[in-house]
There are 2 protein chains.
Amino acid sequence: MDIADIQSYMQTVGARARAASRLIARASTALKNQALQACAAAIDGARADLLAANAQDVAAVLANHQDPAFVDRLKLTHTTLDGMIQGLEQVAALPDPVGQITDINRRPSGIQVGKMRVPLGVVGIIYESRPNVTIDAAALCLKSGNATILRGGSEAIHSNLMLAQCLHKGLAAAGLPPDVVQVIETTHRAAVSQLITMPQYVDVIVPRGGKSLIAKISAEATVPVIKHLDGICHIFVDASADIEMAIRICDNAKTQRYSPCNTMETLLVHAAVASEVLPSLCRIYQAKGVELRVCSQTRAILTTAGLSGLVDALQADWKTEYLAPILSIKTVASLEEAMDHIEKFGSHHTDAIITNNHSNAMRFVREVDSATVLINASTRFADGFEFGLGAEIGISTDKLHARGPVGLEGLTSQKWLVLGQGEIRTS
Amino acid sequence: MDIADIQSYMQTVGARARAASRLIARASTALKNQALQACAAAIDGARADLLAANAQDVAAVLANHQDPAFVDRLKLTHTTLDGMIQGLEQVAALPDPVGQITDINRRPSGIQVGKMRVPLGVVGIIYESRPNVTIDAAALCLKSGNATILRGGSEAIHSNLMLAQCLHKGLAAAGLPPDVVQVIETTHRAAVSQLITMPQYVDVIVPRGGKSLIAKISAEATVPVIKHLDGICHIFVDASADIEMAIRICDNAKTQRYSPCNTMETLLVHAAVASEVLPSLCRIYQAKGVELRVCSQTRAILTTAGLSGLVDALQADWKTEYLAPILSIKTVASLEEAMDHIEKFGSHHTDAIITNNHSNAMRFVREVDSATVLINASTRFADGFEFGLGAEIGISTDKLHARGPVGLEGLTSQKWLVLGQGEIRTS
């Protein structure tokens, strides 16, 4: 397809999604659950075809010498198919947010005014070569009453098109048209440029993938984007912290897994407890192979305690999301210094305080401007499943609409509902 | 100032607003109310200076032969100053949305998870030459804990700078820095371009004014914009409508005032009741001088009933926001045809159904994708004051974040709050 063909193809995809969005918006919860379960059954029944299509994708990628982690994310197995099937069933079991009516109050004019939760309309998902996202994203959008346009990584195209067939079979079983979930059939990059600049057809874009992809999409999109940029997460160990709790949480927040966005990247310790907390904690880190990049005060404390192998933190370290066994550590003089550091270098993602001082805890959660703030718990909890959302379509570092983990509710909005008995406005 | 000076000036304004946003975000409700009341007192004490500054603006505009409505909006009198003072006192009396903690639930991991309402940060307001907006907008942003950057129409610059002095005096009385509310001191257009492309300093832009201004800002902004575009509002009179109620509401929705965005622009009437509703209703409209642009079926009904002076509706009429004594009318065969018409030609602003059929009412409010949907009430109720918001910063035709009238809550967002007792993540 040339550029003009792609533009015209994407216009068609968009118009179909917009039309389908009206049908899925009014579908009952039972019908949507029936479709989700039929999709699961269709995947179960198409295992051989799915594995064959995926083998084509994997063979092409291996021929291009992609790295093993990439191949691993692309590859489908019976276990990953089981995961998709379970995922669909789990989403079917979640409560339906659509149609919820809240806060109905009578006004002096006589009208009753409240809010009604409704789908956003058409959701565009742009993601890398991970076929499981095709099913996860489709399931959440379907359950929340939205039509979906999916654009996965080009290396997964055969897998995604075969998964689309399963989704369409499931939708058909519930009497819903295939346009409710469309997988873009071209791997041309112009399709993405078109998708993110059709506000008449697309209500929101959710990019899932690396920071550079998301930054590029945000810069070019005219459709609103639910963005997930940096996760430079901090823990501040306050003067009144329970030392044993601080060590346990700080160990977990850094070392339980290194690559998630909610892993701690910078540890801030109040000077009053630094010599109690840091030596034991840093011995744990070093035993686990975590490189420590420290301020001069931290270095002095650790050196006195007999630790070595420390790296001096540079200015750049405080604003780096390592996603690796590296931790920057700063000893601070006060809660204020900790909050100033987080404001200056943080990414408004997830930050925690370890303290037994109630007023410091309350100041921290109110004043630290992050999507998730925690008191006496590991930053690793900032996650849709841990928060009880059932599943998440992504994590937002934006302030408008949805912040932090975004579940079904983040794929809906609230309209105003007015119940009258013939009232008119007189002034 | 040349362009480089303006860019540097706006960077300074932005950085100051960002710093001030941290102070106002943590200010107590009492302190914010004290500041609002001190601003009111400062305006009261500076009446002579305000009227003199405004007289300068008015003289310049009169010399340029601006139309009387423009001058009317610009001009300050003791009555408009009284209105500003009352507005500040009313906002002081509203409940403070900041700090509200909701939905705290305990999770299987032991953590308690909920949401906390916080200010957005820095709000930029771009508006026309109406000095009262300076005070209204500043009051709402201050109460909701946001720092504000105000850019009013250049013709009101002397009035706005004098109002800024009053605001700064009020802020100082409460111990708050003047950077909490800044009025941009240059009238150069480049200041607007800069303001809407500084996401590092500005969290949201609220443009207030004509459609072309808002469309231009939305197209160029990299900061999120709370937009208010067309208000093409419909009423659908269903087959089961109470005829007398339908006539009363349709009269009110069109003729109570012609220029507001929530005034009805298109009337849709079910064919089953068209000959009962339309003749009496259209006689009222014609008596009030409303021009009627009608479909052929409506024309036949009205002509049979002896009405004349009708205009044939063109395709363009269905998508026009008249803001004038003109109404387009279409007779439709069903609820579905009415909803299809609204989807095709409407602007997702405000739409109403007049019906006594419960399931039709429920289908209409669920399926019509508008910011406000009403049953048996005039579209004119779609308004922040009528909805009980106390005041509104604007009306949003967007789907994300805030829809419809936006009050204090729309100037805040919710972060996730986690209360732990030392929990760590184990899987």
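In helix α5 of chain B, Leu81(B), Met84(B), Leu88(B), Val91(B) and Ala92(B) are buried (buried means 20 or more other C-beta atoms within 10 Å of a residue's own, exposed means 12 or fewer, partly exposed is in between, and C-beta atoms are placed from the backbone). Looking down the axis of α5(B), these buried residues fall within an arc of 110°, so they line one face of the helix (the arc is taken from the directions from the helix axis to the C-beta atoms). An α-helix has 3.6 residues a turn, so residues three or four places apart point the same way. The face of α5(B) turned away from the buried side carries exposed residues, namely His78(B), Thr79(B), Gln86(B) and Ala93(B). Among the elements covering the buried residues are α2, α3 and α6 of chain B.

A word on the model itself: it is predicted, so local features need pLDDT of at least 70 and side-chain atom pairs count only at pLDDT 80 or more, while totals for chains, interfaces and linings use all residues. Residues are numbered from 1 along each chain as its sequence is written, and chains are lettered from A and ligands numbered from 1 in the order in which they are written.

Next comes the sheet. 10 strands form an open sheet with mixed pairing, in the order β1(A)-β2(A)-β16(A)-β13(B)-β12(B)-β7(B)-β8(B)-β11(B)-β9(B)-β10(B). Helices (H or I, at least four residues) and strands (E, at least two) are DSSP runs numbered from the N terminus, and two strands pair if DSSP finds at least two bridges between them. β1(A) and β10(B) stand at the edges with a single partner strand each, so one side of each has no neighbour in the sheet. Within chain B, β7 and β12 run parallel and are joined by four bridges, with Phe236(B) standing opposite Ile353(B).

Where the chains meet in the sheet, β16(A) pairs with β13(B) in the parallel sense over five bridges, and Trp416(A) stands opposite Thr372(B). Overall, 58 residues of chain A are in contact with 57 residues of chain B (contact means C-beta atoms, placed from the backbone, within 7 Å). The largest share of chain A's side, 11 residues, comes from β16(A). By class, that side of chain A has 23 nonpolar, 18 polar and 17 charged residues (Ala, Val, Leu, Ile, Met, Phe, Trp, Tyr, Cys and Pro count as nonpolar, Asp, Glu, Lys and Arg as charged, and the others, Gly among them, as polar).

How values were computed. Two residues are in contact if their C-beta atoms, placed from the backbone, lie within 7 Å.
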